Amino acid sequence: MRAFEDAIGAASAAEEIPGAVVCATDKAGRIKYARAFGKRSVRAGADQSPLQLDSVMWIASCTKVVTALAVLQCCERGLLTLDGPIYDVLPEFRGLPVIKRFNDDGSPVLVPHTNTLTLRHMLNHSSGMAYDETHPKLMAWHKWHRTLPNRINAVEGRFSYPLVFEPGDSWCYGAGVDWAGVAVERVNGGISLQRYFEENIFCKVGARDIVFSSHMYARPDLQARVVDMSKRDPKSPERVIRSNARPQHNERGGCFGGLGLFATPVDYLKILSGILTTGDDQRLLSKTGAEEFFRPCLSQKAKAALNATLRVEENRVGMGNIPASGTKNWALGGIINEA
């Protein structure tokens with residue numbers, strides 16, 4: 001452990017990384033190790049005080065795990081179904097077109113989707129919902145319409161555009177999980193996803209310092225502990241610099257179930273630990289639900305598309321330095337190594 005700590009400490013001091021909060025629990029969820037390294041910002045003149053165990057970070061797509069858990073809870077209660085049509089809960093998707101191709105003049109050719117769209121598709125990224133800031137088809141669609149990706153502070157407005165493929169026929173990381181969060185809100189009487197998480201997940205694992213950006217206004221104590229974002233210095237990739245990227249911020253707007261949570265690492269770990277042990281104690285899911293959470297569930301076409309995506313090194317690095325070896329699949333809770 002000393003060698004590990006020395007390595008993390010040295011990397012932080014050299015600004016190879018901005019810092020790290022490292023935590024571990026035992027099976028009972030008790031924190032057995034926790035230590036913070038580095039500082040809150042690498043920007044000159046900013047708050048460079050040491051990172052703390054209660055430092056707050058934008059956990060971005062780590063939000064998806066919590067939303068997938070909420071969806072499965074609602075399925076176990078009979079409020080939602082993984083494999084039935086989603087249109088009664090999310091009528092926005094009824095008849096939503098697919099971008100098939102583009103004409104020579106740049107105009108998109110749109111056709112209604114024919115495969116039934118389900119929550120399973122949304123959670124395993126085979127729905128055809130992409131992110132319009134990065135997907136080539138949606139970037140071309142915006143170009144034709146002379147529009148730009150918007151920053152509307154609700155899922156229904158921000159992620160309202162065509163599909164990029166038929167549901168189940170391919171794989172693309174995108175906004176499906178954000179829409180799945182909307183489904184959770186609607187079948188629970190229209191409560192916010194923040195309230196649902198608090199009442200059905202956070203309180204059960206003792207997580208208090210975790211909140212959607214849209215509800216951060218109610219937690220000034222967390223606002224004061226948010227750390228700076230960083231990125232690799234393009235001129236010196238071995239070092240990090242402050243990122244100009246804006247953290248998710250939509251005060252008093254909607255809850256983005258795919259990217260909207262801020263949390264301390266300790267509180268997020270409580271949720272992960274709760275998921276890993278819920279097959280035993282059933283605090284969060286039944287044993288069957290826990291098994292479903294981790295079961296690979298892509299179609300053969302979608303699985304092939306995922307593995308083709310991961311043959312590109314940049315994509316593997318962006319998804320957490322995933323090893324190139326072995327076949328990958330996707331479960332409701334995230335990526336799975338099959339071999």
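## His125 and its surroundings

The side chain of His125 comes to 3.3 Å from the backbone nitrogen of Gly174, a polar contact (a pair of N or O atoms within 3.5 Å; within protein, one must be able to donate a hydrogen and the other to accept it, and residues adjacent in sequence count only if both atoms are side-chain atoms). This is a predicted model, in which local features need pLDDT of at least 70 and side-chain atom pairs count only at pLDDT 80 or more, while totals for chains, interfaces and linings use all residues. Residues are numbered from 1 along each chain as its sequence is written, and side-chain values use heavy atoms, without hydrogens and water.

His125 lies in the loop between α3 (119-123) and α4 (136-145). Helices (H or I, at least four residues) and strands (E, at least two) are DSSP runs, numbered from the N terminus. Because its relative accessibility is 3%, His125 counts as buried; buried means under 20% relative accessible area, exposed over 50%, and partly exposed in between (1.4 Å probe, protein chains only). Leaving aside residues up to four places away in sequence, His125 has contacts (heavy atoms within 4.5 Å) with residues including Lys64, Trp171, Tyr173 and Trp330.

## Aromatic rings

The whole structure holds 11 aromatic pairs. Rings of Phe, Tyr and Trp (its six-membered ring) pair if their centres lie within 6.5 Å; planes under 30 degrees apart count as stacked, over 60 as edge-to-face and the rest as tilted. Phe293 and Phe294 form an edge-to-face pair, with 5.1 Å from centre to centre and 75° between the planes. Phe293 is buried, at 2% relative accessibility, whereas Phe294 is partly exposed, at 37%.

Ring pairs also link Tyr131, Phe159, Trp171, Tyr173, Phe256 and Trp330 into a cluster.

## An open sheet

Three strands form an open sheet in the order β3-β9-β6, with antiparallel pairing. Its edge strands, β3 (57-58) and β6 (210-212), each pair on one side only. Two strands pair if DSSP finds at least two bridges between them. Strand β3 is joined by two bridges to β9 (residues 261-263), and Trp58 has Phe262 as its bridge partner in β9.

## Helix α7

Buried residues of α7 include Leu193, Tyr196, Phe197 and Ile201. The elements that cover the buried residues of α7 include α2 (63-76), α6 (176-187), β6, β9 and α9 (265-281). Just after α7, Gly206 adopts a positive phi of about 75°.
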